[in-house]
Amino acid sequence: MKKLLASLLTAAALAATAFPAFSAGPAKPDLAKGEASYAAVCAACHAADGNSTTVANPKLAQQHPEYLTKQLQEFKSGKRANAIMSGMVAALTDDDMRNISAWLATKQATPGFAKDKAMVMLGERIYRGGIADRNIAACAACHSPNGAGIPSQYPRLAGQHADYTAAQLVQFRDGVRNNSIQMTGVAAKLNDREIKAVSDYIAGLR
């Protein structure tokens, strides 16, 4: 009996070392904690429901949570340089970021409006068709025809403040923002007039 028990224990020990341990992965986001963290850290600049009314600060409501989490992590690591945001996220853990991002994804984004009628056709042409003779890809290819984006890959753009979108495109173009090789490559080929036109067009997407 003792020999049998010893054999069983040995077999169990060998089996335990033969198979790798698997992590359960990150915990499911806690929306209540996300709302509380957002109210404490983010609401002053991005509004209580994520629909910022300040054109320099982006609307965050209804954004894909994976994208938001990635941006928060990169503000904290310094990969995306922004003195204000790096300070705001410094004390946030990865779980805090996932919770905030998940909560924001549940909020409805308010619509925006294009303002420059004279340039809306140029903006639409760039967004939907790109600029073929300069190898500029259509924005819609990654961000979808209505600006909804593609979850886990490309952010939602519809209704975003034109001033904010234009500022990001300029930062990509000038190498100030360098956390997306794809966007750096696209923005590098756009002039100021084209950036203004496509940013204004995006503001009216819905």
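In which helix is histidine 46 found? Select helix 3 (residues 43-46), where histidine 46 is found; helices here are DSSP runs of H or I with at least four residues, numbered from the N terminus. The model is a predicted one, in which local features need pLDDT of at least 70 and side-chain atom pairs count only at pLDDT 80 or more, while totals for chains, interfaces and linings use all residues. Residues are numbered from 1 along each chain as its sequence is written, and side-chain values use heavy atoms, with hydrogens and water left out.

**Histidine 46 and leucine 60**

Histidine 46 has a relative accessible area of 9% and is therefore buried (buried means under 20% relative accessible area, exposed over 50% and partly exposed in between, with a 1.4 Å probe and protein chains only). Leaving out residues up to four places away in sequence, histidine 46 touches Tyr38, Asn51, Ser52, Asn57, Pro58 and Leu60, where contact means heavy atoms within 4.5 Å.

**Helix 2 and helix 6**

Now display helix 2 (residues 31-41) and helix 6 (residues 94-105), whose axes come within 7 Å and cross at roughly 95°; axes are lines fitted to C-alpha atoms, for helices over the stretch in contact, and angles run from 0 to 180 degrees between N-to-C directions. The two helices are therefore roughly perpendicular to each other, a term for angles of 65 to 115 degrees. Helix 2 makes the contact through Leu31, Lys33, Gly34, Glu35, Ser37 and Tyr38, and helix 6 through Asp96, Asn99, Ile100, Ala102, Trp103 and Leu104.

Keeping helix 6 selected, colour its buried residues, which are Met97, Asn99, Ile100, Ser101, Ala102, Trp103 and Leu104. These buried residues pack against helix 2, helix 4 (65-77) and helix 5 (83-89).

**Leucine 205**

Finally, select leucine 205, which, not counting residues up to four places away in sequence, touches Tyr127, Arg128, Pro145, Asn146, Gly147, Ala158 and Gly159.

Methods
Parallel < 35°, antiparallel > 145°, perpendicular 65-115°, else oblique.
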